[in-house]
Amino acid sequence: MKILMITHDTKIDRRIIQEAKTLIKNGYSVKIIAFPWDGDEDKDIDIEIIRPKITHVQREKRKKTFYLYSILKKYLPTRVINKVRGIYDSLVIDFENHFESYVLELALKEEADIYHVHDLPCLSTAYKVAQKYRGKLIYDSHEYFVEQGIPYINKKKWENIERKYIKFTDEVITVNDSIAIALQKKYDIKKPYVIMNKVDMVVENLDEELRKNIRKQYGIMPDEKVLLFQGGLSKSRSIEKILNITKLCKTKFKLVFLGNGEYKNFLKNESVNMDNVVFIDEVEQKLLSQYTMAIGDLGIIPYERYCLNNYFCTPNKLFEFIACGLPIISNDLPEIRKVIDGEGIGELIDINDYKKSAEVIDYIFGNDDKYMEYKLNLSKVASKYSWDFESHTLIEIYNNL
């Protein structure tokens, strides 16, 4: 049975690769259509990935105002450009046609039995191709897309697209129960399946010599405690508040930011007088668990209710920390609370109460018995929060189709 996955990703999301590999392992044939990307494809993926050759939407389909935006981008600060881009998107871009212009032509050449679209931007493309070949359509919503904190006019545009096509899907999948219920109520559909962003289990403990060598690269001593944030460094994630909390901690530890993003320079400037802050560039996905285990002692998730999507989030790092056996401290959000409180693998904080948050970090780093209790609980639930456990739902969906 042939499956065509369609995504607007450039660097393809781990969730997509995991799902594709699981389906291939279970006898399905899978191809992926993705957006243009200048980087090298991961040779370990071993899945056919089809991309358009263009690096921007075709010239004849651009609006003249896009050229003005392109010129301004060269001369204006990023924050101004983001506002200009937001206004441009709101007033000018037809989102449906814009995203179709990248992948629809390619997708129409690929006859398949099932079309599995990842996230809202390519839903219309997948629907149109599924209609042509009378294939099944699966919509895999990686987040609460229309509630990302985007401008109201953009939200309404996306909401209209989602409402228009979601009723034609054969199955809807999303990443947690809160978003599944929200989609069910908003569009009056049956409750979507939930497939969480769990990761492969880390079966073996990290070699101690490798741990020391990785730490040594970044000036971290073998016995130093480390508070670890990993992932994209963007303003909407409240990452700068970790610095404010760290300044109030009495325990000595290193604060490590593992990842890249437009907010990195700001964070570096804010921490210029803090000698315990370390920045490490993003590492390949296949090496991430090694770095997480080698560097981290306590993982932190600072996300706030910036929007409903953030409020309902279950970010990748939650499951990456679990797989690597790291206790977690997180701002108190409902889906994250279910995991951390429910399994006894860390503590919840109010990220805006710097003093109390600092006290919680000091408590964890200063209480060996409590820390080992978290570690023991993590070992007990590791298999439950693994991709192997979660992938059974995906195969159930496909078998039913």
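Predicted model: local features only at pLDDT ≥ 70, side-chain atom pairs only at ≥ 80, totals over all residues.
Analyst: Buried means under 20% relative accessible area, exposed over 50%, and partly exposed in between (1.4 Å probe, protein chains only). Residues are numbered from 1 along each chain as its sequence is written, and side-chain values use heavy atoms, without hydrogens or water.

User: Is Asp-188 buried or exposed?

Analyst: Asp-188 sits in the loop between H7 and strand S7 (193-194); helices (H or I, at least four residues) and strands (E, at least two) are DSSP runs, numbered from the N terminus. Its phi is positive, about 55°, although Asp-188 is not a glycine. Because its relative accessible area is 70%, Asp-188 is exposed.

User: What is the relative accessibility of Arg-134?

Analyst: Arg-134 lies in the loop between helix H5 (123-133) and strand S5 (136-141). Its phi, near 55°, is positive in a residue other than glycine. Arg-134 counts as exposed because its relative accessibility is 81%.

User: Which residues does Glu-41 touch, not counting those up to four places away in sequence?

Analyst: Glu-41 is in the loop between strand S2 (29-33) and strand S3 (48-50), and its 34% relative accessibility makes it partly exposed. Lys-11 is 30 residues away in sequence, with 8.3 Å from C-alpha to C-alpha. In contact (heavy atoms within 4.5 Å) with Glu-41 are Ile-49 and Arg-51.

User: How many charged residues are in the contact of H6 with H7?

Analyst: Helix H6 (residues 152-166) and helix H7 (residues 177-187) have axes 11 Å apart, at an angle of about 80°, and are therefore roughly perpendicular (65 to 115 degrees). Glu-159, Glu-162, Arg-163 and Ile-166 of H6 meet Leu-183, Lys-186 and Tyr-187 of H7. Counting Asp, Glu, Lys and Arg as charged, the contact has three nonpolar residues, no polar ones, and a charged count of four.

User: Which residues of H15 make the contact with H9?

Analyst: The axes of helix H9 (residues 240-248) and helix H15 (residues 354-366) come within 8 Å and cross at roughly 65°, which makes H9 roughly perpendicular to H15. H9 contributes Lys-241, Asn-244, Ile-245 and Leu-248, and the H15 residues are Tyr-354, Lys-355, Ser-357, Ala-358 and Ile-361.

User: What is the average pLDDT of the chain?

Analyst: Of the residues, 91% score at least 70. For the chain, the pLDDT averages 92.

Note on methods. pLDDT = per-residue confidence, 0-100. Axes fitted to C-alpha atoms, helices over the stretch in contact; angles between N-to-C directions. Parallel < 35°, antiparallel > 145°, perpendicular 65-115°, else oblique.
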